[in-house]
Amino acid sequence: MSNVVISDVRKNYGPTKVIHGVDIDIDDGEFVVLVGPSGCGKSTLLRMIAGLEDITGGEVRIGSRIVNDVVAKDRDIAMVFQNYALYPHMTVAENMDFSLKLKGMGKGEREERVAKAADILGLGPLLARYPRQLSGGQRQRVAMGRAIVRDPQVFLFDEPLSNLDAKLRVEMRSEIKALQHRLKTTTIYVTHDQIEAMTMADKIVVMRDGVVEQCDTPLNLYDRPANMFVAAFIGSPSMNFIEGHVQSGANGPAFISKDGVEMALPAGANPPVGTAVTYGFRPEHMALTAAGVAGALPASITLVEPTGSETMVFLKLGTAAVAGVFRERITAGEGDVIHVLPDPTRAHLFDPDTGKRLT
């Protein structure tokens with residue numbers, strides 16, 4: 001096991017710059033998730049750590065060793081891909097054993113490592129099967145087993161659950177997290193799924209267009225996003241944003257939208273009156289209330305989506321489209337007016353020009 005330090009790493013393809021000076025410190029034994037939309041550079045960064053892409057500039061250090069010019073096979077890492085890449089003519093045991101055989105390891109030690117990994121992953125009864133005889137989840141376990149037997153300093157995962165159905169994805173992400181806790185191996189995991197990132201990571205790196213927007217714990221990203229991009233990307237459904245100004249309201253300074261909708265300023269926020277701001281609040285931080293309650297806002301329903309445990313309601317506050325997530329059953333329908341109350345203690349103000357959160 002080892003720490004990983006990424007210092008001012010850059011990647012160009014000819015004149016096209018795709019990674020713009022990324023800095024990330026990953027502690028020994030930490031589970032770090034790189035997340036962001038397609039094309040943000042997360043997989044490219046992972047491949048540079050793995051040695052599958054050349055580094056244009058900067059430095060990648062694994063432990064005490066700079067690995068920029070070290071070939072992939074000598075970096076002491078193990079990678080699990082989105083495509084399981086199992087050899088179809090080999091059994092499960094032979095697939096897991098193959099890299100050890102190439103290293104010249106003795107048969108006894110190879111068998112011991114394969115047996116140990118199979119026990120960890122519940123693959124014991126499947127060792128004699130071929131990949132075509134396995135389910136998607138079982139194939140993913142074999143791919144993970146092939147990485148585990150190498151006993152690397154660092155595990156790298158490149159969207160390993162993308163080919164699985166929704167139920168199996170939930171099961172496998174729990175298994176991967178439990179496995180990492182058990183092995184305590186430094187892990188770097190790439191996904192575009194922010195729910196995956198939130199549930200698995202010790203630390204999340206949110207990327208956009210080849211730069212790091214924020215690197216923090218999952219709950220800090222959720223509670224204190226650095227900017228509107230992070231606020232919108234982390235959390236499902238996305239955070240609601242309404243443009244307006246800080247103006248004098250009925251009870252002192254308040255946020256007033258362009259449509260004249262008044263909302264209490266977030267706790268601790270006190271921009272000067274007249275400041276243009278974007279007001280942000282999460283759908284789950286808005287409560288149903290009754291007309292006449294202080295702060296209650298009339299909202300027109302455009303769509304109701306019941307999910308069983310919760311109901312997602314799409315609304316119009318003035319002309320602003322927002323979403324709300326409620327535990328209560330909603331009997332109202334499209335076109336009806338309900339009253340809602342955003343929680344100002346959990347709301348945010350953002351600079352509409354830079355997108356940065358105002359603290």
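Strands, in the sense used here, are DSSP runs of E with at least two residues, numbered from the N terminus. Strand β2 in this predicted model spans residues 16–26 and contains Asp-23. Together with Asp-25, Asp-27 and Asp-28, Asp-23 forms a negative surface patch.

Strand β2 also takes part in a hairpin with β1, and two residues lie between these strands. Within that hairpin, Gly-14 adopts a positive phi near 65 degrees. Tyr-13 has Thr-16 of β2 as its bridge partner.

| Strand | Partner strand | Bridges | Direction |
|---|---|---|---|
| β1 (residues 4–13) | β2 | Eight | antiparallel |
| β11 (residues 240–249) | β12 (residues 252–257) | Six | antiparallel |

Strands β11 and β12 belong to an open sheet of six strands, ordered β13-β12-β11-β14-β20-β21 and paired in antiparallel fashion. The edges of the sheet are β13 (262–263) and β21 (357–358); each has a single partner strand, so one side of each is left without a neighbour in the sheet. In general, the strands of a sheet pair through backbone hydrogen bonds, in either a parallel or an antiparallel manner.

As for annotation, an unreviewed UniProt entry lists residues 4–234 as "domain: ABC transporter". Across residues 4–234, the chain is 37% helix and 26% strand. The end C-alpha atoms of this stretch are 25 Å apart.

Conventions. Residues numbered from 1 in each chain as written. Predicted model: local features only at pLDDT ≥ 70, side-chain atom pairs only at ≥ 80, totals over all residues. Heavy atoms only, no water. Patch = residues over 30% accessible without salt bridge, like charges linked within 9 Å, V, L, I, M, F, W, Y side chains within 5 Å. Areas by Shrake-Rupley, 256 points an atom, 1.4 Å probe, with all protein chains shown as cover. Salt bridge = Lys/Arg side-chain N within 4 Å of Asp/Glu carboxyl O. Lys, Arg positive; Asp, Glu negative; His and termini not counted. Charge placed at Lys NZ, Arg CZ, Asp CG, Glu CD. Helix = DSSP H or I, 4+ residues; strand = E, 2+ residues; numbered from the N terminus. UniProt positions renumbered as here; feature names shortened; annotations may be inferred. Pairing = 2+ DSSP bridges.
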